[in-house]
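Dear colleague,

I am handing over the structure below, and I would be glad if you read these notes with it open beside you.

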Amino acid sequence: MSFKEQKKGSVVFMTAATISSRHAFTTRLGGVSEGIYASMNLGTGRGDGDDKIRENYRLLAEATGIDTFRMAFTKQVHKADVRIVDERDIHELFTAVPYEADGIVSAAKGMALICFTADCVPVLLEDPVHGVIGAIHCGWRSSVGDILGNAIEAMCSLGAERKNVCAAIGPAISGCCFQVGGEVIEAVEHWLGEDARGFYKEDESAEGKFLLDLKGCNARRLVQLGVEEKNIAVSDECTKCSHEKYWSHRYTGGQRGSQGALIVME
């Protein structure tokens, strides 16, 4: 299922047909940051000015309708931990997030859950029937650690049912550009089993290297977990190929900002 580009004011973001809640996958377009952070940088602690980042969040709130005083953030360490968050986890910009979690899920109303990426796979989850949502950062390490399995389990503990879960797998580095070593492929095969076949191929330009479709892998894992395929949208945009639209860690060599994937249960 397709994604749609939206533009509200100066801010450009993507939405997915599978998610009914307010949500957005931001781009690097429409903010006020400058230099290597130009222009919609949502990542704090990377060297961008606080005033610029604060204004970027104000513009994002204006474009998407989120409340910047009711946000919960991931604290990403490339592990598979998922945290259930509520009103006690509302985060104030430029303060330390007091936990480590690459994924967060919640049944709280009106609170925006946000994860951050710049090539890794952002996944938004929703059970619209029971009012449970999630924002999950799926790098290759958190993916093979089964962060999506942990996320679905956490959502079900809040009353969600797998048959109702809808997912959007946002813009990320694609199989055309995501070069990995053999140890990553071994981890993917251990994670997905026989289903791993078809999501990677040898990179003919580099001996011993492979090209991996991590978005496709995560979509397959959701199906394994009981999510219906018709309820999963997968972006076809590659952040490295589309580096003028999205932040790409690999393209910039780490000199970059961050985009966010956000969702709100209303």
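**Aromatic rings in the model**

A search through the whole structure, which is a predicted model, turns up 4 aromatic pairs. A pair of aromatic rings is described by the distance of the centres and the angle of the planes.

Please begin with Phe3 and Phe25, whose ring centres are 5.5 Å apart and whose planes stand at 55°, so the pair is tilted; an angle over 60 degrees would have counted as edge-to-face, and one under 30 as stacked. Phe3 belongs to strand S1 (residues 3-8) and Phe25 to strand S3 (residues 22-26), so their pairing ties together parts that are 22 residues apart in sequence. Are these two residues buried or exposed? Because buried means under 20% relative accessible area, Phe3 counts as buried at 16% relative accessibility, and Phe25 counts as buried at 2%.

Another of the pairs joins Tyr57 and Phe73, with 6.1 Å from centre to centre and 25° between the planes, and this pair is stacked. Since Tyr57 lies in helix H1 (residues 50-64) and Phe73 in strand S4 (residues 71-73), the pair ties together parts that are 16 residues apart in sequence. Both Tyr57 and Phe73 are buried, and together with Phe116 they form one aromatic cluster.

Finally, please look at a ring with a charged residue beside it: Arg28 lies over the face of Trp247, at 4.0 Å from the ring centre.

Notes:
Residues are numbered from 1 along each chain as its sequence is written. This is a predicted model: local features need pLDDT of at least 70, side-chain atom pairs count only at pLDDT 80 or more; totals for chains, interfaces and linings use all residues. Side-chain values use heavy atoms; hydrogens and water are left out. Rings of Phe, Tyr and Trp (its six-membered ring) pair if their centres lie within 6.5 Å; planes under 30 degrees apart count as stacked, over 60 as edge-to-face and the rest as tilted. Helices (H or I, at least four residues) and strands (E, at least two) are DSSP runs, numbered from the N terminus. Buried means under 20% relative accessible area, exposed over 50%, partly exposed in between (1.4 Å probe, protein chains only). A charge sits over a ring if NZ of Lys or CZ of Arg is within 6 Å of the ring centre and within 35 degrees of the ring normal.
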